[in-house]
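Colleague: I have a model open and would like to learn how to read it. Can you take me through it feature by feature?

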Amino acid sequence: MDVINITNIIVKNNPAPFAAPLQFEIYFICTKPYAGEVEWRMVYLGHSLDKEYDQLLGSVTLGPFEEVGVEMQFDWEVNPPDPAKLPKRSDFLDNGGLVISVHAEGKEITRVGYLVNHSYDDPELNEDQSEIIRLDRVIRDISKPLVNKKTVLQEEFEKAMVIETAQNTNGGNGETFNAGGVGDISREQNFHGQQMIEEKNPFLQ
């Protein structure tokens, strides 16, 4: 059994201007006493097929944990991606991605991925064929989460792209992920040439 089970993630400001910080509320439980530390990483995937545009937006280390089965929560805010590392306009305005992963003892134990759509706040700008990106007019929209419960070695982080989904609900101004739900087989996505599959599977074990 994994040390950490994510029970809920709320995207607090969504949709939001591209330049706005990314804000999350993360809820989790520790499944057993753990004397070590757990690292959370947030990675922005600027291009669905090219790792060159990946950006580590932030990392947080938590632990040790003594309480078992008690839901814990923390707020996580990171700066938006560096504009200098974005792909060209035609790729940037396509779907990108965001991955929150959890690591313990040198292994990735779980990850939550999101599709990220960028579009202009004016439909006429979306039709403009210019390659110049007007970031002051770009809106970021983070979609429903895709969840992977498989344990993989840290060096296989970029290889493990089979993603299991969990049900999510919209609430207020944020996107809410409810880890107790079950998703349906509905969609295939492609990040870095690896297939990511939503499939019917409970998230919590």
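This is a predicted model: local features need pLDDT of at least 70, side-chain atom pairs count only at pLDDT 80 or more; totals for chains, interfaces and linings use all residues.

Colleague: What does the side chain of Gln55 reach?

Modeller: For a polar contact, look for N or O atoms within 3.5 Å. Here the Gln55 side chain comes to 2.7 Å from the backbone nitrogen of Asp82.

Colleague: Which residues does Gln55 touch, leaving out those up to four places away in sequence?

Modeller: Contact means heavy atoms within 4.5 Å. On that count Gln55 touches Met42, Val43, Tyr44, Pro81, Asp82, Lys85 and Leu86.

Colleague: Now Val78. Where does Val78 lie?

Modeller: Val78 is in strand E6, residues 72-78. Its relative accessibility is 5%, so Val78 is buried. Setting aside neighbours within four places in sequence, Val78 contacts Pro21, Leu22, Met42, Leu57 and Gly58.

Colleague: How many residues apart in sequence are Val78 and Gln23?

Modeller: They are 55 residues apart in sequence. In space, their C-alpha atoms are 6.8 Å apart.

Colleague: On to strands. How many residues of E4 are buried?

Modeller: Seven of the eight residues in E4, residues 38-45, are buried.

Colleague: Which strands does E4 pair with, and in what sense?

Modeller: To read pairing, follow the bridges. E4 pairs with E5 in the antiparallel sense, over eight bridges. Val43 has Leu56 of E5 as its bridge partner. E4 also runs antiparallel to E7, residues 96-104, and seven bridges join the two. There, Leu45 is partnered by Gly97 of E7.

Colleague: Next, the backbone. Where are cis peptide bonds found?

Modeller: Check omega. Pro15 is in the loop between E1 and E2. Another joins Gly63 and Pro64, with omega about 0 degrees. Pro64 lies in the loop between E5 and E6.

Colleague: What is the phi of Glu105?

Modeller: Its phi is positive, about 55 degrees, although Glu105 is not a glycine. Glu105 is in the loop between E7 and E8.

Colleague: Why does Glu105 count as exposed?

Modeller: Exposed means over 50% relative accessible area. Glu105 has 66%, so Glu105 is exposed.

Terms used:
Residues are numbered from 1 along each chain as its sequence is written. Side-chain values use heavy atoms; hydrogens and water are left out. A polar contact is a pair of N or O atoms within 3.5 Å; within protein, one must be able to donate a hydrogen and the other to accept it, and residues adjacent in sequence count only if both atoms are side-chain atoms. Helices (H or I, at least four residues) and strands (E, at least two) are DSSP runs, numbered from the N terminus. Buried means under 20% relative accessible area, exposed over 50%, partly exposed in between (1.4 Å probe, protein chains only). Two strands pair if DSSP finds at least two bridges between them.
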